[in-house]
Amino acid sequence: MPKFKKILIANRGEIALRIVRACKELGIHAVAAYSEADAESMAVKLADESVCIGEAVSSKSYLNIDNILQAAKTTGAEAIHPGYGYLAEKEAFARACQSEGVVFIGPTPENLSLAGDKIAGKQKMIEAGVPVIPSSSGGVESLDDAWSIAEEIGYPVMIKSSAGGGGRGIRICNDEEMLAEEFPIARMEAGAAFGNNEVYIEKFIENPRHIEFQILADKHGNIIHLFERECSIQRRFQKLIEEAPSPRLDEELRQKMGKAAVRAAKAISYFNAGTVEFLLDEQGDFYFIEINSRIQVEHPITEMITGVDLVKEQIRLAAGEPLGYDSSDLSIQGWAIECRINAEDPERNFLPSPGTITEYHAPGGYGVRLDTHLHQGYELPIYYDSLIAKLISYDATREGAISIMKRALGEYRMRPLKTTIPLYLRVMDDPDFRSGSFDTGYITRFVPDEDEDEDDED
Amino acid sequence: MTGSGGKRVEVKAPMSGVFYRRPAPEVAPYVEIGTEVKKKQVLGLLETMKVFQKIKSKISGRVVEIIVENETPVKDDEVLFVIETD
């Protein structure tokens with residue numbers, strides 16, 4: 001059945017392992033591309049074949065387009081799975097694959113271009129009738145323009161980088177004075193982080209929930225959604241705990257948002273797996289934020305409640321196969337929660353916690369799924385981000401999924417690393433979390449959102 | 001090293017990571033040997049798992065040694081700088 005005989009996996013950590021596993025189950029030869037720091041990684045050990053793509057520093061390996069394409073050629077891989085992060089949403093990479101005759105397992109270069117350009121992307125959404133957050137119609141060049149736009153849409157407003165993503169570079173301004181102070185800094189930051197100092201201004205929605213819809217699209221124009229994920233539990237715009245379905249949505253709102261998500265994907269002729277992100281306000285109005293044109297970190301919870309293996313679907317769709325089913329063939333079965341286990345110390349302002357795992361015990365049992373590359377004796381490379389495991393619980397009900405998560409978090413041991421597990425244990429016991437009433441500001445109740453700079457302990 | 005009789009204070013890496021002497025490749029280093037520094041002045045950066053921390057001087061004084069080169073991996077507690085006070 002599979003068109004591909006060999007796939008190169010251009011990523012690391014848990015997602016590389018996730019893709020290796022999908023390939024193996026599909027009978028496809030998995031080639032792990034790894035940096036010098038990851039030579040002993042689980043993805044390399046479990047892949048059928050592996051190839052070094054450069055030095056530890058990401059810019060010389062996982063972000064090096066030439067090295068990765070060379071690796072695909074020398075190993076004879078017909079397709080490349082980019083995972084998430086790194087090159088997953090880089091238009092230049094997708095185009096380079098195309099011109100080298102290697103299939104990029106993901107959206108089209110045109111999709112990536114539009115998804116990466118928030119201003120152009122938003123214009124498409126407005127045209128398609130998808131509700132968007134009131135904002136400047138394009139980049140904002142001067143403080144005077146910024147002031148007049150903010151006046152028009154009403155404070156508080158956010159300054160965002162046109163080229164940015166992942167929550168970085170966002171500044172919230174409550175009044176004219178703050179806007180004057182933050183505007184020039186935001187432009188400089190955008191230039192430094194994304195190589196493009198264009199910023200735009202957007203209304204800041206207070207106490208919103210972050211709700212996103214999983215999309216799958218084939219090459220024949222079929223686009224469906226696979227319901228929502230509730231991702232409101234975040235710190236500084238980085239998601240920590242996700243669940244599917246959302247305790248906030250009823251069937252009516254779900255249908256409405258789901259339809260808008262499909263319209264959004266159709267508006268840019270989306271292909272392969274993607275995610276349409278919305279903010280949902282307290283009145284039940286929702287606004288399109290962006291399309292994430294990759295497999296998401298939190299994809300497993302959708303897999304658990306739909307029974308659809310999204311990574312296998314990505315591969316199948318990339319090979320040109322039709323979807324073969326539509327939304328009416330799918331239904332929400334049960335409830336899934338994911339906790340992102342980060343090697344960070346919640347007691348010390350989430351500072352990273354590198355080190356070697358001397359004592360490891362993974363949770364298991366009924367309703368537990370663990371996506372991780374960790375093992376006893378594993379040394380966390382200092383070069384990569386701190387997401388080290390995704391613990392997923394699944395049960396017939398939300399209450400059941402919470403109980404399983406709490407139990408599984410309690411079992412998980414990885415000494416001597418500091419992790420976010422103690423924070424999640426507190427969340428699982430919190431009455432507001434248990435009753436499903438929270439918004440994107442929720443986590444600040446547990447951990448003050450203070451500035452790292454504020455000062456040191458000497 | 002020239003034993004001017006001052007007190008020598010080591011500045012160590014708070015954890016393992018990659019040590020940087022400058023905030024960006026095209027910018028001058030934060031300090032050089034001989035730079036007079038104040039307490040809490042930034043001497044360098046440490047990148048650990050994509051997070052940057054500032055390495056600050058614990059005292060006011062003069063930079064007398066820079067032990068680690070720019071963009072080099074360091075271990076937890078490794079000495080990065082020596083500051084001498086009068």
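This is a predicted model: local features need pLDDT of at least 70, side-chain atom pairs count only at pLDDT 80 or more; totals for chains, interfaces and linings use all residues.
Me: How much area is buried between chain B and chain A, and what share do carbon and sulfur atoms give?
Reply: Buried area is accessible area lost when the two parts are put together, summed over both. Here the figure is about 1,500 Å², with 58% from carbon and sulfur atoms. By the rule, the interface has zero salt bridges. One residue pair is in polar contact across the interface of chain B and chain A, both at pLDDT 80 or more.

Me: What is the secondary structure of chain B?
Reply: Chain B has eight strands and zero helices, in the order β-β-β-β-β-β-β-β from the N terminus.

Me: Why is chain B said to be as compact as a globular protein of its length?
Reply: The test compares the radius of gyration with the globule rule. For chain B the radius is 12 Å, close to the 12 Å given by the rule for 86 residues, so chain B is as compact as a globular protein of that length. The C-alpha trace of chain B spans about 40 × 25 × 20 Å along its principal axes.

Me: What percentage of chain B counts as buried?
Reply: Buried means under 20% relative accessible area. In chain B, 44% of the 86 residues count as buried. Of the contacts in chain B with a separation of 6 or more, 61% are between residues 24 or more positions apart.

Notes. Residues are numbered from 1 along each chain as its sequence is written. Chains are lettered from A and ligands numbered from 1 in the order in which they are written. Side-chain values use heavy atoms; hydrogens and water are left out. Buried area is the accessible area (1.4 Å probe) that two parts lose on being put together, summed over both. A salt bridge is a side-chain nitrogen of Lys or Arg within 4 Å of a carboxyl oxygen of Asp or Glu. A polar contact is a pair of N or O atoms within 3.5 Å; within protein, one must be able to donate a hydrogen and the other to accept it, and residues adjacent in sequence count only if both atoms are side-chain atoms. Helices (H or I, at least four residues) and strands (E, at least two) are DSSP runs, numbered from the N terminus. The radius of gyration is taken over C-alpha atoms; the globule rule is 2.2 Å times the number of residues to the power 0.38. Buried means under 20% relative accessible area, exposed over 50%, partly exposed in between (1.4 Å probe, protein chains only). Contact means heavy atoms within 4.5 Å.
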